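Dear colleague,

My notes on its salt bridges, one of its helices and its nonpolar cores follow.

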Amino acid sequence: MNPGIKNTGLFFGSFNPVHQGHLGIAEYLLNHEGLGEIWFVVSPKNPLKDNKLLANPAQRFDMVKLATASRPAMKTCDLEFSMPRPSYTIDTLKLLGEKYPERDFFLIIGSDNLEEFSLWKNHEQILTDYKILVYPRSRKFTTPFDHFPNVRITQAPLIDISSTLIRQRLKEKKDVSHLLPAEVHRYIIQNALYGA
């Protein structure tokens, strides 16, 4: 850690929708990995995902903003909204580094993302130039990137919640209130998102 540099975690995602699992991981990393802040970077379009089931970017950003409003160390970032789509993590990292040279950025990803990291644009440069904090998505996993010097496999708790599960339960008219921040749950119901 560099003294005088604000250690900032970058939690990229579609957040479709943001849920208690995302917030739990962020809280753990703030408390155990020396981060001063975590920025939720809302991606309008993920080049590696089917985007047909996405709520629109403004709605997903609004939900993250609602979820983090009472958590001062968590911020929302819409930088990718003004970038060409699909947006690529390496381009966002470079732009954030130019805009905020006083910050030391850490990329936060799930172990499932690390498993397919070779598909990411300029993944070798990310591995070389940026610190990467990995949270587990399964009990056991191995990837070709586990032992890279800039990759740290964290002891974050395994949280069995996914946005896919939440969308499916909403479509089936099942209760998801325990899986979401109350403000986000209200927003989804009020805006009839995901078949709610």
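Aspartate 104 is buried, at a relative accessible area of 12%; here buried means under 20%, exposed over 50% and partly exposed in between, with a 1.4 Å probe and protein chains only. Its side chain forms a salt bridge with that of lysine 131 (3.2 Å, N to O), a salt bridge being a side-chain nitrogen of Lys or Arg within 4 Å of a carboxyl oxygen of Asp or Glu. Lysine 131 belongs to strand S5 and aspartate 104 to strand S4, 27 residues apart. Lysine 131 is partly exposed, at 31% relative accessibility.

The model is predicted: local features need pLDDT of at least 70 and side-chain atom pairs count only at pLDDT 80 or more, whereas totals for chains, interfaces and linings use all residues. Residues are numbered from 1 along each chain as its sequence is written, and side-chain values use heavy atoms, without hydrogens and water. Helices (H or I, at least four residues) and strands (E, at least two) are DSSP runs, numbered from the N terminus.

The whole structure holds eight salt bridges. One of them joins glutamate 27 and arginine 71 (3.7 Å, N to O). Glutamate 27 sits in helix H1 and arginine 71 in the loop between H2 and S3, 44 residues apart. Both are partly exposed, glutamate 27 at 32% and arginine 71 at 24%.

Helix H2 covers residues 57-68 and spans 17 Å from its first C-alpha to its last, close to the expected 16 Å (1.5 Å times one less than its number of residues). Its buried residues include Phe61, Met63 and Val64. The buried residues of H2 pack against helix H1, strand S2, strand S3 and helix H7.

The largest nonpolar core has 35 residues, of which Ile38 and Phe40 touch the most other members. Such a core is a set of buried Ala, Val, Leu, Ile, Met, Phe, Trp, Tyr and Cys residues joined through side-chain atoms within 4.5 Å. Among the elements that give two or more residues to this core are H1, S2 and H2, and H1 supplies the largest share, six residues. Beyond its neighbours within four places in sequence, isoleucine 38 is in contact (heavy atoms within 4.5 Å) with residues including Phe11, Leu29 and Ile108. Another core, of 23 residues, lies apart and includes Met83 and Val151.

Yours sincerely
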